[in-house]
Amino acid sequence: MTTSRTVESTDHPGVTVPTAIRAWSRWRWVRPSRWVLASIVLAGALLLGALVGPAGLTARSVLLELVGALPGVHVDSGLTAQQQAILWQIRLPRVVLGALVGASLAVSGAAYQGVFRNPLADPYLLGVSAGAGLGATLAIVQGGAGLPFVVPLLAFGGGLLAVAATYALGNTVGGGRTSAVIVLAGVAVAAFFSAVQNFVQQRFDDSLLAVYSWMLGRLSTNGWTDVVMVLPPVALSWALLLLHRRTLDVLAVGDVEAASLGVDVARVRLTLVLIATLGTTSVVAVSGLIGFVGIIVPHAVRIVFGASHRLLLPLSMTFGAAFLVLADVVARSAVAPAELPIGVVTALVGAPFFLVVLRRNKVAA
Amino acid sequence: MHHSSAPLSRRVWLGAVALLLALAGCTPMSAPAPAGTPANTAATTPAVSAAAFPVEVTSGAADSTTKVTIDKLPEAIVSLSPTATETLFAIGAGPQVKAVDDQSDYPAEAPRTDLSGFKPNVEAILAQSPDLVVTASKDADLVASLAKASVPTLVVPSAKTFEEAYGQIERIGAATGHTSEAATLISSMKQRIDAAVAKAPNLSGVTYFHELDPALYTVTGNTFIGAVYSLYGLTSIADATAAAGDDYPQLSEEYVVSANPDLILLADSQCCSVTPELVAQRPGWAGIRAVEQKQVIVLDEDIASRWGPRVADFVENLGEVVSTLELAKA
């Protein structure tokens, strides 16, 4: 069990959680230095995302173009209409989508880890990825890969279906009372959906390329449409998760203890899982399977800034957004003008980065 | 509670496999669509030369040193490659073909079964009692397993050049007793291709984007399909990636737009429902020269992904298309 470790605050080592919660006075979590740092990192990532790309737009002209977009400012960036289209309709929506996806995966990961008190819990724990993968594969083998909305909608449906199956299975078998049963149900459901997905994929082996490229993750090519499509469910999920910061801290002490503090553990767990799943499934639908973000970002934040969910959730969101935007910069520039699948980049860059964080903060962890 | 490590490692593993597949430049896909154009080769009475057997034929890539020995004239051929199936029928070996794989949709009279060329099932293949198996798969296990059952396997993997494609037609001809028909087919293909190229305008400097998949996988000039475009002097916008050794790269969308190709060829219309209208609606694509000038062409992706006899059809059709377009640059 990792309960005590994950709830221990780095600022107050050895302090038990109820005390720690009280120790964070009402405004304490709004420590400016952290928020300034997180904002700078995110702003820097977004700027880099806007500046870097294989289309050969100069940094100066991109900056001028961005400044020129501010209300009341008139500057000539020198970009042609075509280059403006590249910046405004292809690159910027992709950067924004990357930020939304990264933030959602990271904050959902943090919530799942809190709900299940399992450091290895990631946003795909309950079968979202397998379900979405099956949905996307069905859409692709039926010829929908090139049509707008078809793959995202089926992926979204598949993801929700898998999580519903996991929850139903967990409830039937274990009464939904212990998180271990739900996690195990998720493993079983994911295995089952993956098996069906693999079967379909093999039956239609002429679609392999499209299926694989979805599986490896890609920030979509549908411009602002995808951003607009995922923003409502994702924003809702963020807002609801942030409202539950305090509840997650209480859950961290254990089911029995949380219940004695007046928390309806099973109900809260279901609520939180549904909220996190809504966010995850929405972003998976437009980005494919991007692994690792939901695990390393929350852990890195925990190690550096402490385990209190009041900090963990918003900081995970910010750093998750920055991380995925940067990973996408690598994905589209490392072998430019070709691309690497972003899911490969997040693991390839993320794993060593996480080890560095882990090493540097050995004492704190 | 560490139950969740399995799905993570599975995903990473899947990712690694798929990456390898992508890096290896897997063969472009073909869709199980109905056959387009009719067979070109006249159904001449095949003069099967049984006397030539046993024969030794090169198996594998063009530079392979592996030989396969075929003891007697094959009369129960199993083809696991759509390209090989087309060749077998074009050289008059059709009556000797017993079964073809699930993707072999041309010609219509080919005895299509649910055998998979992609994931060959040795027992299912042997159930057809073949005396020769023709496959494009380089799976060494398949060849070894069939050899244990004393079934010779002729491997004709995806060709990279016209010479390799012609070489494969020769090898299939030799292996099936149709050497002279194979030679006739090759010379007819060469004539048709030369004539088509001679008729077309000079298009050097004209660029194209050949879309294999809506995720913007494409081809460089180093591929077989690239060699077809090179006949007309067309240049792939992906040639910048050729140095990295990736001949089927996935391009960045903004690169495709900034490269501003003169011609877009859709090999993902049957598989993935992409149309010129949908291409024009993609954000930022309206200003691409090919889109502005309505030079977005839908290809028959079966013909465009195979390296068999119908390549001559493809070259001729492409020649007609490029001749009618406003492509020639000043």
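B:Glu75 sits in the loop between strand 2 (67–70) and strand 3 (77–79) of chain B. The model is predicted.

Me: Why is B:Glu75 called partly exposed?
Reply: B:Glu75 has 17 other C-beta atoms within 10 Å. Buried needs 20 or more and exposed needs 12 or fewer, with partly exposed in between. B:Glu75 is therefore partly exposed.

Me: Which residues is B:Glu75 in contact with, leaving aside its neighbours within four places in sequence?
Reply: B:Gln96 and B:Asp131. Contact here asks for C-beta atoms within 7 Å. As for B:Pro95, it is 20 residues from B:Glu75 in sequence, and the two C-alpha atoms are 7.9 Å apart in space.

Me: What makes the sheet in chain B an open one with edges, and which strands stand there?
Reply: The four strands run in the order 4-3-5-6, with parallel pairing, and the sheet is open. Strand 4 and strand 6 of chain B each have a single partner strand, so one side of each has no neighbour in the sheet. Neighbouring strands are turned by 20° against each other on average, direction ignored.

Me: How do you know that strand 5 and strand 6 of chain B pair?
Reply: Pairing takes at least two bridges. Strand 5 (residues 132–135) and strand 6 of chain B have three bridges, in the parallel sense.

Me: What lies across strand 5 and strand 6 of chain B?
Reply: Helix 4 of chain B, which runs at about 160° to strand 6 of chain B.

Me: What makes B:Lys294 count as exposed?
Reply: B:Lys294 has 11 C-beta neighbours inside 10 Å, and 12 or fewer is enough, so B:Lys294 counts as exposed. B:Lys294 is found in the loop between helix 11 (289–292) and strand 10 (296–298) of chain B. Its phi is positive as well, about 55°, although B:Lys294 is not a glycine.

Me: Where are the peptide bonds to A:Pro337 and B:Pro107, and what is their omega?
Reply: The bond joining A:Ala336 and A:Pro337 is cis, with omega about 5°. A:Pro337 is in the loop between helix 15 (309–333) and helix 16 (342–360) of chain A. The bond from B:Tyr106 to B:Pro107 is also cis, with omega near -10°. B:Pro107 lies in the loop between strand 4 (97–100) and helix 3 (122–126) of chain B. Most peptide bonds are trans.

Me: Why are helix 10 and helix 13 of chain A called roughly antiparallel?
Reply: Helix 10 (residues 224–243) and helix 13 (residues 265–287) of chain A pack at about 160°, with axes 8 Å apart. Angles over 145 degrees count as roughly antiparallel. The two helices are therefore roughly antiparallel to each other.

Me: What classes of residue make the contact of helix 10 with helix 13 of chain A?
Reply: The contact has 13 nonpolar, three polar and one charged residues.

Technical notes. Residues numbered from 1 in each chain as written. Chains lettered and ligands numbered in written order. Predicted model: local features only at pLDDT ≥ 70, side-chain atom pairs only at ≥ 80, totals over all residues. Axes fitted to C-alpha atoms, helices over the stretch in contact; angles between N-to-C directions. Contact = placed C-beta atoms within 7 Å. Parallel < 35°, antiparallel > 145°, perpendicular 65-115°, else oblique. Nonpolar A, V, L, I, M, F, W, Y, C, P; charged D, E, K, R; others polar.
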